[in-house]
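Open your viewer, get the selection panel ready, and take this tour one stop at a time. At each stop you will read what to select and what is there.

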Amino acid sequence: MFLAADVTVIGLRALTFVAVFLAVGTWIFAALWERELGAAAAERVRALARAAAVVALIVTVVHYVLTPARMAGAFGSAFDPSLEALLLQSGSGSANIVRVVGLAVLALSLDRATRLNAIAAGAGAALALASFAFGGHTAIHPLRVVLAPLLLVHLAAAAFWFGALWPLYAAAGEGPAARSAALLERFSRLAVRVVPFVLVCGLGMAMVFVRSVAELGTAYGTFLLAKTAGFGVLLALAALNKRRFTPGVRAGDMGAVRGLRRTIVAEWWLIAAILAATAVMTSLYAPEHLEGAFGAGHGAEASH
Amino acid sequence: MRYLLAAWLLALSSLAAAHTPLESSAPAENATVPGPVKQLLLAFGGDVRLTAVVLIDAQGATKKTAPVPAAVAKQFTLAVEEDLRPGAYTVTWRAVGADTHVVSGEIHFTIAAAQPL
C-alpha cells in the first residue's frame, strides 16, 4: 500500500542522506587538503560543501514537516498536532533536530576560512553525522552501545569517500599534471586506510542485525547484500583509478584524465544510489528480530 | 531526471508492504463471517499508534468507521458506523511503531449472504 505520501517522504529522506554525506564529506576533503588545493580550488570546494549543507538543511526540514503525512498516509495529516508530538518525542525527532543544528553550523562556518570557522565546521559536521545514531534501528536495538560507534565510523568513512569525489574530479583536469596526481595519490594513500572501515563496521552491524544466513533472504537482508555488492563495484572502480588512471594523469595523458573522471562520476552515482537504497531500506524494513518489535520507551511517552 | 523519477517510483511500487506487526484481527484475514460486523478489532505485536483505518466494499465505496484514537496501544477496537451488506470488504490500516516506523497492511473479509430458511 504505497501512497504519494510514502513516495514523497521516502524520496526526501533519500535526498537528505545524499546531501548530508555530500556536505560533510566535502568539508572533510577541504579540511584535509585545503593547502594542496590552492586558494581558488579550496574556495570552490568550501562553496560546494556549503551549498550541499544548505540543501540538506532545507530537505531535512521539509522531510520532517511531511513525515506526519506519511505516518497517516495522507498529506492532510502533515500538521496533525498529535502526530507532530509523536514525531518530536521520538528518536527520529531528536535526530532531525540535531541534524538541522549541525547542518546550520556547518553552512554558516564555511563562509570564510578562519581557525574559529574550521572548529565550528568540524563540530557541525560531527553533529550532522552523529544525528544518524539518534534514530533508526541502531537506536532502538538493545546493543545500541555497540552499534552506535560502528555506525558513526561507517558513516564518517563513507562521507570521506563520497565527499572527495567531486573535488578529485575537478582537480584531475586542472593545473599542472604533477599537482593533480600528487593530490590523487595522497587521497589514495589515506583512502586505503579509511575505506576498509566502511566494510568492517558495516559487517559488524550486519552481524548484529542479521542473525542467520536465512535472514539474508528477507527484504532487509537482500538490501544489505545489494549494498555490499555495490561496495564491491566501488572498490573495483577505485582500484582502476589508482592503478591505471592516476599514473596516466601524472604523465599528462588526457585519455587517463577522461577515464579517471568517468570512473569518478560512476563512483559518485553508485554511492548516491547506495545512500538512497539505505533510506528506502531503513524506511520500509527492519532486521528480522526487530520486525514488529518495538523498543522500550518508544511511543507517545518516549523521551530521548 | 525522468528516468530517475521513474526508477524511484518503480522501486517503491515493487516493494511489498513491510513491517507488518499485526498479529490478529476480527474479522480475521480472509475470513467469511455470517452475521453483521459491528466493529473491527486490530491486535498488534507491540505498542503502536494507529493512524488510519479505511473500510471499503467490493465496489470501492468507503464505509464509515469510528475515528482512530490518538493513543498508543497494542489493541484497537473501532465501531463500524453503518450497516454492512453481504459481500467482500477490505480494511486498509496504517500505524506508527517504534521510532516512527510506519507499518501498514490490509485485511480482507467477506460477509456471507443470509441462508434462506
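Start by selecting helix α7 (residues 144–172) of chain A together with helix α11 (residues 254–284) of chain A: the two pack at an angle of about 155°, with their axes 9 Å apart. That angle makes α7(A) roughly antiparallel to α11(A). Here, angles under 35 degrees count as roughly parallel, over 145 as roughly antiparallel, 65 to 115 as roughly perpendicular and the rest as oblique. Axes are lines fitted to C-alpha atoms, for helices over the stretch in contact, and angles run from 0 to 180 degrees between N-to-C directions. Helices (H or I, at least four residues) and strands (E, at least two) are DSSP runs, numbered from the N terminus.

Before you go on, note that this is a predicted model, in which local features need pLDDT of at least 70, side-chain atom pairs count only at pLDDT 80 or more, and totals for chains, interfaces and linings use all residues. Residues are numbered from 1 along each chain as its sequence is written, while chains are lettered from A and ligands numbered from 1 in the order in which they are written.

On α7(A), pick A:W161, A:F162, A:L165, A:L168, A:Y169 and A:A172; on α11(A), the contact residues include A:V257, A:L260, A:R261 and A:W268. Two residues are in contact if their C-beta atoms, placed from the backbone, lie within 7 Å. What classes of residue make up this contact of α7(A) with α11(A)? There are 12 nonpolar, no polar and two charged residues. In this scheme Ala, Val, Leu, Ile, Met, Phe, Trp, Tyr, Cys and Pro count as nonpolar, Asp, Glu, Lys and Arg as charged, and the others, Gly among them, as polar.

Next, click on A:A47, which is found in helix α2 (residues 39–72) of chain A. Because A:A47 has 14 C-beta neighbours inside 10 Å, this residue counts as partly exposed. A residue is buried if 20 or more other C-beta atoms lie within 10 Å of its own, exposed if 12 or fewer, and partly exposed in between, with C-beta atoms placed from the backbone.

Move on to chain B, where you will find one helix and seven strands. Buried residues make up 27% of its 117 residues.

- Strand β1 (residues 22–26) of chain B pairs with β3(B) in the antiparallel sense over four bridges. Look for B:S24, whose bridge partner in β3(B) is B:A43.
- Strand β5 (residues 72–79) of chain B runs antiparallel to β3(B), joined by seven bridges. Here B:L42 stands opposite B:F76 in β5(B).
- Strand β6 (residues 87–96) of chain B and β3(B) pair in the antiparallel sense over eight bridges. B:I56 has B:T90 as its bridge partner in β6(B).
- Strand β4 (residues 62–63) of chain B pairs with β3(B) in the antiparallel sense over two bridges. The bridge partner of B:I56 in β4(B) is B:T62.

For your last stop, zoom in on the hairpin formed by β3(B) and β4(B), with four residues between them. In the turn, B:G60 has a positive phi of about 90°.

Key. Two strands pair if DSSP finds at least two bridges between them.
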